Amino acid sequence: MTTHTTRMLIVGSGPAGLSAAIYGARAGFQPIVVQGLQPGGQLTITTDVENYPGFKDVIQGPWLMEQMQAQAEHVGTRMLWDTIVSIDLNGPPFRAIGDSGDVYESETLVIATGAQAKWLGVPGEVELAGKGVSACATCDGFFYRGKKVAVIGGGNTAVEEALYLTNHSPEVTLIHRRDSLRAERILQDRLFAHPNVRVLWNQKVDRFLGDPLAGGLTGLALTDTVTGAASTFAADGAFVAIGHAPATELFNGKLAMDASGYLLVEPGTPKTAIPGVFACGDVMDPVYRQAVTAAGTGCMAALDAERFVAEREFAAQRMVQAAE
């Protein structure tokens, strides 16, 4: 067992965590990034990235994360391959224990554990991911300009994705397994009023159809949840929009969360209710969920951590002076 001591411990290694690491390292904090179960975050399973600023050509998600990690290491970040399994927030110093048995002690803690899209778990979903099947219309909708697309779901996320896709597609179909939507009424009104959107009610997706090596998605196999009748629906793209699950299990009972499990922060900041503990990226953002916004909040977390440390050091200095 090894004890690692740092001024900034970052849990998670996606755009938020690595951006925090870059800024923390430049502040002289010699941060440690514990990479977690999915080093690099969701971008490592994303192929084409066309909306990250600074690149006129399409880039690959894994390549972008490799570059961010290399930059973080270049300025003084230590990347450690481990997964935090328990954490004590009664600090500072904050104390975390990894699956390896190693102990991590830090003056500040940056939580960047991210969130994962929920999937249907049906045949063809994994094989056709990135080849017609997606969980992010904002990320991938541009690739389906002028094509026929489907959105699966019935909540706010699904309706918002469907409405967004009308910017690119002349034919958007929302597929829902029930006969009414759970989305807010104002969103439903906008959806039903849009001429490019139609809804298939009482339809369950059984399989995504197509060949990942030859053309990708061609359609969806459906079952009517009322009659049991089987059918197929032709589509060039399908967007699974049944919500996201933030990776916050580690902080249950330790940090405030909303009803969906996202960490609550002071509005406009990455500050949690515990001084010295910051949350950034998708773990605290149920709205935007973009690499560029995650990177921005990672920067904010590092800057706020630097201010937190400076204020503590100043207060300690004043106490010493008062005692002399």
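This report describes the cysteines of a predicted model and the confidence of its chain.

## Basis of the model

Because the model is predicted, local features need pLDDT of at least 70 and side-chain atom pairs count only at pLDDT 80 or more, while totals for chains, interfaces and linings use all residues. Residues are numbered from 1 along each chain as its sequence is written, and side-chain values use heavy atoms, with hydrogens and water left out.

## Confidence

The protein chain has a mean pLDDT (the predictor's confidence in each residue, from 0 to 100) of 93, and 99% of its residues reach 70 or more. Strands here are DSSP runs of E, at least two residues long, numbered from the N terminus. Confidence is lowest in strand β3 (residues 48–49), with a mean of 76, and highest in strand β19 (residues 277–279), at 98.

## The disulfide

One disulfide (a pair of cysteine sulfur atoms within 2.5 Å) is present in the structure. It joins Cys-136 and Cys-139, whose sulfur atoms lie 2.2 Å apart. The torsion about their S-S bond is about 70°, so this disulfide is right-handed.

Cys-136 is buried (under 20% relative accessible area, with exposed over 50% and partly exposed in between, for a 1.4 Å probe and protein chains only), at 16%.

## Cysteines without a bond

The cysteine sulfur closest to that of Cys-280 belongs to Cys-299 and is 10 Å away, too far for a bond. Cys-299 is likewise in no disulfide.

Cys-280 is buried, with a relative accessibility of 0%. Cys-299 is also buried, with a relative accessible area of 16%.

How values were computed
Helix = DSSP H or I, 4+ residues; strand = E, 2+ residues; numbered from the N terminus.
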